[in-house]
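Q: Could you take a close look at how side chains pair up in this model, ring with ring and charge with charge? I'd like the cut-offs along the way, please.

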Amino acid sequence: KEGGRGSGGGRHGRYLSGVLVVTEMALAVVLLAGAGLMLRSFLKTYAMPVGVNTANVLTMRAELLKVRYSQPDQQVAFYQRLKARLEEIPGVEVATIMSDLPGDGMMSFQYELEGAPPIDQRQRPRGGLVVGPDYFRAMQVQLVAGRAFTDADGVAGVPAAIVNQAFANRFWPRESPLGKRVRLVDAGVPQAWLTVVGLAPDILQNTGNLVECDPLLYLPYRQKPQPRMFVAARTKVPPATLGDTFRRAVQAVDEDLPVRELATLESQVALRSWTIGVFGSMFGIFGGIAFLLASVGLYAVIAHSVNQRTQEIGVRLAMGAKVTDVLRLVFAQGMVQLAIGLTLGLAAALAVTRVMGDLLVDVSPTDPLTFASVGLVLVLSGILGCAIPARRAIRVDPAITLRHE
């Protein structure tokens, strides 16, 4: 009414429509950029390698009764008997023990390095794993340097330890860790010095820190036996078929010992990271819904704006304008609005996504691939929003338009 019939809704109406297009484009960029960054982060996390071969490994948890296994030598003797019994099972290649499974965390004993300056007890580094002599063989992990534990470690000779690559990089950068010494600090009391005899590759032990592997100190189980340990066996047959045989082997060693968490290593690792899959799926769904809503919203707003100019387009065609001129007119208006909205949206998204830095894994808050993909998708949606109604408008008979005018 403001501009009269055929004016395309008036200058004020076209201005408000343009503001709506710009605003929705900007908000859509922020929304999709955040969802895209989180989705990429969860996909990278889900695909992050554990560092061991989880196939064909059967695991169980053993909790020794304190009444029967109160002494360390009794605990060591039990695990020796159980390991020998499991390796007698047809289809079992090698058996081992460990205090925690990959991805299941680690023990929190404190340690200090030889030659390091004294530090406050509360600031001492923590983290370690107690493993059997065949641990790396059962996990099919090749040591970077040095040797694996043997049955003699923890019984005779120099007390030994193995460190992972993250441990060596943090405490002995550009140096070989072999021959270095470290010792545990138990309740504030320093223990005997341990000589590093091997360097292991990084294994994802702590799913709470997916950005980088934590420094990890491996100790032979004879040196620090635990009443609660995991038993694992690498098999030549599908591991799930040996469940009952495992139970009988445990009962043969100690008939009162319950078999807990008997499962394959693949399922155990997947169980530890189930939240990653759940949140990744959620962000995938939310990202898809956000894209659908943003695309439909942009199309609807732009299409409405173009449809308001249908009579104007008919008049232009009746006055001799070419189809290409009309298309150029429509796209020029629409693309200018989209460009402004995209620019404002990218600037806002760069500011908003910076606060997501702590939530992202191996993905930058300003990841160019994510921002470029979001921009491209929304531009294509905007082009469709211009093209479809413009095509409909140029097919209008100018005579009918003039009659309405």
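A: The mean pLDDT of the protein is 82, and 91% of the residues score at least 70; pLDDT is the predictor's confidence in each residue, on a scale from 0 to 100. Residues 1-8 have a pLDDT below 50, and this stretch has 13 contacts in the model beyond near neighbours in sequence, a contact being heavy atoms within 4.5 Å. Since this is a predicted model, local features need pLDDT of at least 70 and side-chain atom pairs count only at pLDDT 80 or more, while totals for chains, interfaces and linings use all residues. Residues are numbered from 1 along each chain as its sequence is written, and side-chain values use heavy atoms, leaving out hydrogens and water.

Now to the rings. A pair of aromatic rings is described by the distance of the centres and the angle of the planes. Rings of Phe, Tyr and Trp (its six-membered ring) pair if their centres lie within 6.5 Å; planes under 30 degrees apart are called stacked, over 60 edge-to-face, and the rest tilted. Searching the whole structure gives 10 aromatic pairs. In one of them, Tyr 135 and Phe 136 have ring centres 5.1 Å apart and planes at 75°, so the pair is edge-to-face. Tyr 135 is buried, with a relative accessible area of 0%, and Phe 136 is also buried at 4%; buried means under 20% relative accessible area, exposed over 50%, and partly exposed in between (1.4 Å probe, protein chains only).

Tyr 135 has a further ring partner in Tyr 218: this pair is tilted, at 6.1 Å centre to centre with 40° between the planes. Tyr 135 sits in helix H3 (residues 135-138) and Tyr 218 in strand E9 (residues 217-220), so the pair ties together parts that are 83 residues apart in sequence. Helices (H or I, at least four residues) and strands (E, at least two) are DSSP runs numbered from the N terminus. Both Tyr 135 and Tyr 218 are buried. Elsewhere, ring pairs join Tyr 69, Phe 78, Tyr 79 and Tyr 221 into a cluster.

On to the charges. Side chains of opposite charge can pair when their charged atoms come close. The rule for a salt bridge is a side-chain nitrogen of Lys or Arg within 4 Å of a carboxyl oxygen of Asp or Glu, and the count comes to 14 salt bridges. Asp 367 and Arg 40 form one of them, with 2.4 Å from N to O. This pair links distant parts of the chain, with Asp 367 in the loop between helix H9 (323-353) and helix H10 (368-394) and Arg 40 in helix H1 (residues 10-47), 327 residues apart. Asp 367 counts as buried at 11% relative accessibility, whereas Arg 40 is partly exposed at 26%.

That loop between H9 and H10 also holds Leu 359. Leu 359 is exposed, with a relative accessible area of 57%, and touches Met 38 and Ser 41, if residues up to four places away in sequence are not counted. The C-alpha atoms of Leu 359 and Glu 312 are 51 Å apart, although 47 residues separate them along the chain.

Another salt bridge joins the side chains of Arg 68 and Asp 256, at 2.8 Å from N to O. Here too distant parts of the chain are linked: Arg 68 is in the loop between strand E1 (57-63) and helix H2 (72-87), and Asp 256 in the loop between helix H5 (243-253) and strand E11 (260-264), 188 residues apart. Arg 68 is partly exposed at 38% relative accessibility, as is Asp 256 at 42%.

The salt bridge between Arg 247 and Asp 244 has 3.3 Å from N to O. Arg 247 and Asp 244 are three residues apart in helix H5, so about one helical turn separates them. Arg 247 is partly exposed at 39% relative accessibility, while Asp 244 is exposed at 52%. Salt bridges with shared partners also join Arg 61, Glu 63 and Glu 261 into one network.
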